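This note concerns aromatic rings and the charged groups placed over them. Please read the numbered points beside the model.

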Amino acid sequence: MNQASAGHLLRLIRNGQATTRGELQRITGLSRSTVGHRLDQLFRAGWIREAAGDPVDAPTGGRPSLRLEFDASHAVVLCADLETRHARAAVLDLGGTMLAEHSGALLINQGPDEVLDRLAQWFALLLEKTGLGAGAVCGIGLSVPGPVDRASGRVLQPPLMPGWDRYPVPERMRQAFAAHAGGVARHVPVLVENDANLMAYAEQRRGFPDCAAFLLIKVSTGIGAGVVVDGDMYRGIDGAAGDIGHIRLSDHPHALCRCGSYGCLAAVASGRALAEQLTAAGVPTASGSGVRDQLAIGQPDAVRLARDAGRLVGGVLATVVTLLNPGVLMIAGDLTGPPFLTGVRELLYQRAMPRTTAYLQVVTSRLGDRAGLAGAAAMVVESLYAPDHADTRLAAATAH
């Protein structure tokens, strides 16, 4: 390795490439003393620990080497998954284990100030529940239903989030958390990402780690896609990748979308669209979650509309699948279920070239409602403990 700083050694330990001092020396080419010095940095930070090695690792009968491992309990991550009418918040350790969780009604159209302040209150209560202080928090991850500029963490022109366009979400979240949890939280990193991206990231990591091209479609209030290629989220140049809900359908020219255009896929096949169609048919339904409730009891109009919506989405996905050639297509969100999935499969396999679907797995969400939280936590951990970022944090800790 050209680079073998403490942060790079940590990456080798975390991904299982090297779990002993000897393996670190062999892979990096560093001397024993240099490896020891850099490991000391990680030990002092509390990021790694040593555990007894497996006897099978010492076939000659000698004492097995101590195994190095990432200590997932040395800090926690706060995460929130924002939907249009509801939110979830949680405290997770660095391995993704959920330590405490809260969910409740939260209207995203109330604007960023009120929503982020409420989240900060939830975070403070969750930390109190786990017996942890704000000093244990290494980062905050937010999942939002709109496009996000990765560099700034700001939401860009989100149709479902009035008042949020280019709002400084990370800065305001830090301020609100510090106000409710103490000034020590004022410098906590805050990362923001699109909900479908984070769901895809979590589902791919947990259930399909060997899939090099993974596609998730979330159909709830709106319709969005998350793409993971070679283990990383694909965002496009400014975070707008995957916004398939605003692909125009030529045979629905009069359907007005929340974005202000006509004929968008989301205007006719999203949870919001189906709720409006059910209400017009005499089945009062307020939202995508309401459609999910109607599907759960087998309401005939809901079943019919969900299958029709699945066909519309499947027609669009035939093009998306041809372009991306994914190994897994996962359907998630309020409309997930047999009627919608049947419609998707029908049009997808009818219109896509057989070669592009020959090895395609079409599945439903494995993590369910917790996918966004799991993805947000993984995003924070992977960012904060990446080699360069880890080295910067270690240097700052040494300076203090």
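1. The charged end of Arg205 sits over the ring of Tyr201, 5.1 Å from the ring centre. A charge counts as over a ring if NZ of Lys or CZ of Arg is within 6 Å of the ring centre and within 35 degrees of the ring normal.

2. This is a predicted model, in which local features need pLDDT of at least 70 and side-chain atom pairs count only at pLDDT 80 or more, while totals for chains, interfaces and linings use all residues. Residues are numbered from 1 along each chain as its sequence is written, and side-chain values use heavy atoms, with hydrogens and water left out.

3. Four aromatic pairs are present in the structure. Rings of Phe, Tyr and Trp (its six-membered ring) pair if their centres lie within 6.5 Å; planes under 30 degrees apart count as stacked, over 60 as edge-to-face and the rest as tilted.

4. One of these pairs is edge-to-face and joins Phe70 to Tyr385, at 5.2 Å centre to centre with 75° between the planes. Phe70 belongs to strand S2 (residues 67-70), whereas Tyr385 lies in the loop between helix H13 (371-384) and helix H14 (387-399), 315 residues apart. Helices (H or I, at least four residues) and strands (E, at least two) are DSSP runs, numbered from the N terminus.

5. Phe70 and Tyr385 are both buried, that is, under 20% relative accessible area, with exposed over 50% and partly exposed in between (1.4 Å probe, protein chains only). Together with Trp47, Phe70 and Tyr385 form one aromatic cluster. Arg393 lies over the face of Tyr385, 4.7 Å from the ring centre.
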